[in-house]
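Here are a few exercises to work through with the structure open beside you. Try each task before you read its solution.

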Amino acid sequence: MAIESQVIKVVAICGSLRKASFHRGLIRAAIEICEKSLKGIEIEHVDISNLPFQNTDLETAGTFPPEVEAFRRKIKEADGILFASPEFNYSVTAPLKNAIDWASRPPNAWAGKAGAIVSAGGSSGGGRAQYHLRQIGVFVDLHFINKPEFTLAAFQPPAKFDSDSNLIDEAAKQKLKDVLVALYQFTLKIKA
């Protein structure tokens with residue numbers, strides 16, 4: 001599918017704080033795909049590791065802690081969101097939920113945004129976490145693409161990632177590209 005000439009800005013959020021996470025590898029692969037063949041999408045990885053635990057005591061006179069303000073600004077300025085969401089205990093990770101909660105504080109920075117989810121993991125490839133993330137999206141008015149879904153059984157042969165957690169599986173790269181094209185098209189539809 002072709003990407004049109006209009007450029008969209010996408011914020012990529014990794015739900016894992018681990019530097020060697022497969023999910024960071026998925027974000028790197030998405031950025032590389034866009035730089036090489038999807039010129040209509042600009043992806044910026046926004047790190048959530050420095051966000052404090054969501055606590056309304058930290059909100060003063062309508063403002064948030066500086067790290068939170070910066071994060072919320074990135075979300076507000078984005079056209080779409082790419083979540084790289086691991087599955088912990090059948091759900092999303094605590095850092096990801098914390099980031100979502102901070103950006104949902106009034107005024108809700110997620111409202112009306114398009115989103116896509118990619119996951120890698122055990123046998124379900126992170127599908128249960130994606131289901132929970134979609135449920136959260138309903139409440140915060142975040143609109144996820146429905147198809148294609150991207151879950152990757154990362155530990156089944158052949159190898160999906162190299163020793164530096166870079167995505168090396170060509171079929172997975174194509175599937176990731178398909179997700180990005182769908183996110184692009186859906187984002188333009190929502191913006192219109």
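Buried means under 20% relative accessible area and exposed means over 50%, with partly exposed in between (1.4 Å probe, protein chains only). Helices (H or I, at least four residues) and strands (E, at least two) are DSSP runs, numbered from the N terminus. This is a predicted model, where local features need pLDDT of at least 70, side-chain atom pairs count only at pLDDT 80 or more, and totals for chains, interfaces and linings use all residues. Residues are numbered from 1 along each chain as its sequence is written, and side-chain values use heavy atoms, with hydrogens and water left out.

**Exercise 1.** Find the buried residues of helix 3 and say what they pack against.

Solution. Start by picking out the buried ones: Leu96, Asn98, Ala99, Ile100, Trp102 and Ala103. Next, look for their neighbours, using contact (heavy atoms within 4.5 Å). They pack against strand 1 (8-14), helix 2 (66-77), strand 3 and helix 4.

**Exercise 2.** Work out how helix 2 and helix 3 are oriented to each other.

Solution. Take the axes, which are lines fitted to C-alpha atoms, for helices over the stretch in contact; angles run from 0 to 180 degrees between N-to-C directions. The two axes of helix 2 and helix 3 come within 9 Å and cross at roughly 80°. Angles under 35 degrees count as roughly parallel, over 145 as roughly antiparallel, 65 to 115 as roughly perpendicular and the rest as oblique. Helix 2 and helix 3 are therefore roughly perpendicular. Val68, Phe71, Arg72 and Ile75 of helix 2 make the contact with Ala99, Trp102, Ala103 and Ser104 of helix 3.

**Exercise 3.** Which residues of helix 4 are buried, and how are they arranged around its axis?

Solution. First list them: Ala129, Gln130, Leu133, Ile136, Gly137 and Val140. Finally, step just past helix 4: Asp141 has a positive phi of about 65°.

**Exercise 4.** Is Arg24 buried or exposed, and what does its side chain meet?

Solution. Arg24 sits in helix 1 (residues 22-37). With a relative accessible area of 10%, Arg24 is buried. A polar atom of its side chain lies 3.0 Å from the backbone oxygen of Arg18. Leaving out residues up to four places away in sequence, Arg24 touches Cys14, Ser16, Leu17, Arg18, Lys19, His45 and Asp47.

Note on methods:
A polar contact is a pair of N or O atoms within 3.5 Å; within protein, one must be able to donate a hydrogen and the other to accept it, and residues adjacent in sequence count only if both atoms are side-chain atoms.
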